[in-house]
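Dear colleague,

I am handing over the structure we spoke about, and I would be grateful if you read the notes below with the coordinates open beside them.

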Amino acid sequence: MTAHDGTRPADPEIPDILPLLPIRDLVVFPYMIVPLRVTRPVSMEAVAKALEADERLCFLVAQRDPSDDNPSAQAFYRAGTIGMIMRMRKLSEGGLKVLVQGLCRARIAKFVSESPCYRVRLDRGVDKPLARSLGIEALLRSVRGNIDKLSGLGKTIQPELSMVVQSVDDPGRMADLVASHLTLKVPEAQELLELDEPISRLTRVNQTLEKEIGILEVQSQIQNKAREEMSKTQRDYYLREQLRQIKHELGDSDVHGEEMEELRGKVTRAGLSDEARTEADKQVRRLDQMHAESAEAGVLRTYIEWLIELPWNVSSEDMLDLEAARRILDEDHYDLEHVKDRILDYLAVRKLRGGAHGPILCFLGPPGVGKTSLGRSIARAMGRKFVRISLGGMRDEAEIRGHRRTYVGALPGRLIQAMKQAGANNPVLLLDEVDKLGSDARGDPSAALLEVLDPEQNCNFRDHYLGVAFDLSKVLFIATANLPETIPAPLRDRMETLRLSGYAEEEKLAIAERYIIPKQIAEAGLSANEIVIGRDVTRRIVGEYTRESGLRELERLIAQLARKIARRVVEDSARAAGSGPKRGGPVITAEELPTFLGPPRYLPEERHRAAEVGTVNGLAWTPYGGEVLLIEAQTMAGKGSLTLTGQLGDVMKESAQAALSFARAHALALGLSSEFYAGREIHIHVPAGGVPKDGPSAGVTMACALVSLISGIPVRHEVAMTGELTLRGKVLPIGGLKEKLLAAARVGMTTVIIPWANAPELSEIPAYITSKLTVRPVRTMEEVLEIALSRPLASPKKEVRALSKAERARDRRKVSSRPGMA
C-alpha cells in the first residue's frame, strides 16, 4: 500500500548507518506502505535494532535469491529504500509482523557489521529539482491517462491513486508512487528502483503501464470472443486460453510451451526426410497455435508422433557371412535348397554392392510346408527384424495405403504400422496369404500392393495418412500363397515365385526326428528319458494317420502322443507313491499307436490293389499337394450317351468328351470294334463324389479307362498317369509334376506315366522320390496304352460288313453302264 496523499511524514534525521532488513520477494519503493512478516533471526535482530532508536529507521533491500535463508553480504542488491517501522507486533507462532513505509532510496556504501544483524553505511539519493517543460508535462499527463485506462480495463487499482496523481507534479515522486502499485517481478522492480534520474524512472513506469494496458486489451478481446458462443466447453477453453495468452505476453513458460519444445526436439532427432521434416515442422506450428485440449490438437499430436516414431534412417546391419547364414537356414529347415540358394545369392550381391534392392519373393505351396517359418528363418539368417502381415480376407484398400486424416480414427496402413513395429527400415516383411485378398466397394488391396511390390516405385511409397514419401526399397518382401491362379496377374508378375512342394515320406521322417519330436516333447514337459519315439512309429504315423503335403497334422498327432505319454508319466508317479504297478516304459512301439491315437485312418487295403477293367489311377494337383484319383468307367445298355459323375468341373468334362472322341475315332487302329458305342451307355465316375474336381490333366487317364472298358483288358494297378490328351492322341504337358510324383510314391505306385514335355523337370525331383518310381515319359496315347494295359491290344484289322440295299443297287448301276456289257 501507499500513503493516500502521496506524501510521507516529515523526514526525520536519517543517520548514515542503519540496520539492514532483508526482504525475500519484494522491492519496497518510497511512499510505499507494506506489511512484512519477520521470522529469520537476522531480520528480527534488525527490527529490534531499529526500534531502539527514536526514528525507528531501517534499510529495506531485496535478496538476489529468495530461497537463501542465511544470505551473505554479496546476496543483497546494492540499492534499496530507507523505511520507517510504523507498527510492530509479535505473532503467537513466533516471529514478528511489522508495517513499514518507504521514505527515500539509498545505496549501500559499506557493510559496517554482520552480527547480530547487518548494519550498513548508506549514500542517500536525492532527486534534483527540475524545471517544468512541455516534455515533462506530457509525460505526467500520459502517466495519469494510462492509470485511468487501467482502471477502466478492470485493473485493480486503489481509487485514491487516480486522485493523488492529479496533484503530484514531481516526476520522481510520481514514478515512485505509481511503481508501488504495479505488479512487477523483483529484477524489473529493482532495475526501476536503481534509476537515479526522475525522468528515466517515470518513462520506465509509463512503458510498464502501456504494456499492462496491452495485456488487458488482449484479455478483453479474448473475453469478447469467448462470450459470443459460451458453453461449458467453450468456457473452459476461454479460461485456459486466457491464461496462456497472459503467460505468453508476460514471457512466462508454460506446460504447453514445454511440450512443444520437446516435440520440436524429437522432430530434429528423428532423422526425417526433407519432405517429412517440412511437413512435421508445419504441423508442429499448427499444434502450437491450437488449444491443447481441442479434438483437432489430439489428431495433430498423433500424426506428429507417427512421423517421428518411424525408422526413417534406422537400419539393421545385414549379416553378410554366407557360411553363418547357410548354417542358420540348415538349422531351421530341412532341404528347400532352391530357396536357401536364392537367399544366399542375395546376400552375396549385398556384400559386393551395398545398395542392392531387396528381392520380392513369393513362396508358393500347400499349407503346412513351412512358408511362414521359412520367412522367419531368413530374417534370422540375415540379422534383420521380422514382421508378418496377414492379408487373408483383406478387402479395404486403406489397409494397405492408410486412411486419410480427414476421417475420425484414421491410422496409417498396415505397411507403415509394420515398419514402426520393426523399428528398422530394412526388415523382412512377410505378406501372408497374398492369394486370399478380396475386393469390394472400398477398393482393391491387390491393386494397392502393385506400388509396394514394384522396386521402381516403392522407394517413394506414399501412405494416405502420412502424406509424405517413405522408402520401402530396403525391405525384403516375402509373400506366401497356396494357389497362383487367385493372385492377380499384374501382382504375380512383380514377384519372384519359389515353389515349395509337399514333403515325401522320407522328408517327413527326417523333419519329424530333427524338429517336431524334440519340440513337442519339450512342450509336453517331458525329457528324452521319459519318451522315445522310434522311426518305425513315426513312419506308421505318417503312412496310416496322415494324408497331407505339409506337416501340420503330423505335428498335431505327435503333440497328442506326447500329451498321452505325459499323462501316463504323471499317473505312474502317483502309482509309484502308492506302490502301484507302472503301465509302460519310455519307448513307444508301433503296436501302441491305436491306444494313443485311435485306429488308423488310411489303411493299405483301401488302395487300388488289383488290375481291373475300366479302373485307372490318375494323378491330380490340389492346393494341399498331389492326390491319386481312382477313375472308374462302366458300360451298360442305353442310347449311346456319356454320363459323368463325381462333381467334375467343365475342364474335366471336356477331357472326358475328348477321350471318348479319341476312342471312337481310333477304334479300328486300336483293335476295337467301331460299333462299341452303338446301343451302349458309358458312365465315368471319379470318387469321392463329395469333392469338386477340375483340371486338364485327366485326359489320358479317362481315355485309358475307356479303352480298357471297351477292350476288356485290365489296367495295371501299380501304374498311375497324368497328361492332357488331344483328339489325335497327342499327350500334352501338365503342371505340378513334383506334387503328383510325391502322391504316387506316397500310395505305393511303382510306375508313373508323364508327358514327354515334362521329362526335363525330373532333374529337379529328389532322388529318394525317383528311386521309388519308374517314370515313363510318353508322346502319344498308344504309348500310354502299351505301358498301362496288362496285355497288348489286338492287332489292327480291316472290318468286313454286309452292304446295304442302297449300296448294292449303286454297284449294279455301275456294272450295267460299263461298255461291252449286256
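Tyr31 lies in the loop between β1 (17–23) and β2 (33–38), where helices (H or I, at least four residues) and strands (E, at least two) are DSSP runs numbered from the N terminus. Before going further, please note that this is a predicted model, in which local features need pLDDT of at least 70 and side-chain atom pairs count only at pLDDT 80 or more, while totals for chains, interfaces and linings use all residues. Residues are numbered from 1 along each chain as its sequence is written, and side-chain values use heavy atoms, with hydrogens and water left out.

Backbone points

Most residues other than glycine have a negative phi, and most peptide bonds are trans. Tyr31, although not a glycine, has a positive phi of about 75°, and it counts as buried at 5% relative accessibility (buried means under 20% relative accessible area, exposed over 50%, and partly exposed in between, with a 1.4 Å probe and protein chains only). Arg56, also not a glycine, has a positive phi of about 55°; this residue sits in the loop between α1 (41–52) and β3 (57–62) and, at 32% relative accessibility, counts as partly exposed. The peptide bond that joins Ser115 and Pro116 is cis, with omega of about 0°, and Pro116 is found in the loop between β5 (96–113) and β6 (119–124).

Helix packing

Two packed helices are described by the angle between their axes and the distance between the axes. Helix α9 (residues 274–289) packs on helix α10 (residues 295–309) at an angle of about 155°, with their axes 10 Å apart, which makes α9 roughly antiparallel to α10. Here the axes are lines fitted to C-alpha atoms, for helices over the stretch in contact, and angles run from 0 to 180 degrees between N-to-C directions; angles under 35 degrees count as roughly parallel, over 145 as roughly antiparallel, 65 to 115 as roughly perpendicular and the rest as oblique. The residues in contact (heavy atoms within 4.5 Å) include Ala280, Val284 and Leu287 of α9, and Leu300, Ile304 and Leu307 of α10. By class, the contact of α9 with α10 has nine nonpolar, one polar and four charged residues, where Ala, Val, Leu, Ile, Met, Phe, Trp, Tyr, Cys and Pro count as nonpolar, Asp, Glu, Lys and Arg as charged, and the others, Gly among them, as polar.

Helix α12 (residues 337–352) and helix α13 (residues 371–382) pack at an angle of about 30°, their axes being 12 Å apart, so that α12 is roughly parallel to α13. Val339, Ile343, Tyr346 and Leu347 of α12 meet Leu374, Ile378 and Met382 of α13 in this contact, whose residues divide into seven nonpolar, no polar and no charged.

A buried serine and the whole chain

Ser708, in helix α23 (residues 699–711), is buried, with a relative accessible area of 0%. Leaving aside its neighbours within four places in sequence, Ser708 is in contact with Glu612, Val613, Gly614, Ile713, Pro714, Val715 and Leu789.

The secondary structure of the chain comes to 27 helices and 24 strands, and of its 822 residues 46% count as buried. Among contacts between residues at least 6 apart in sequence, 73% join residues at least 24 apart.
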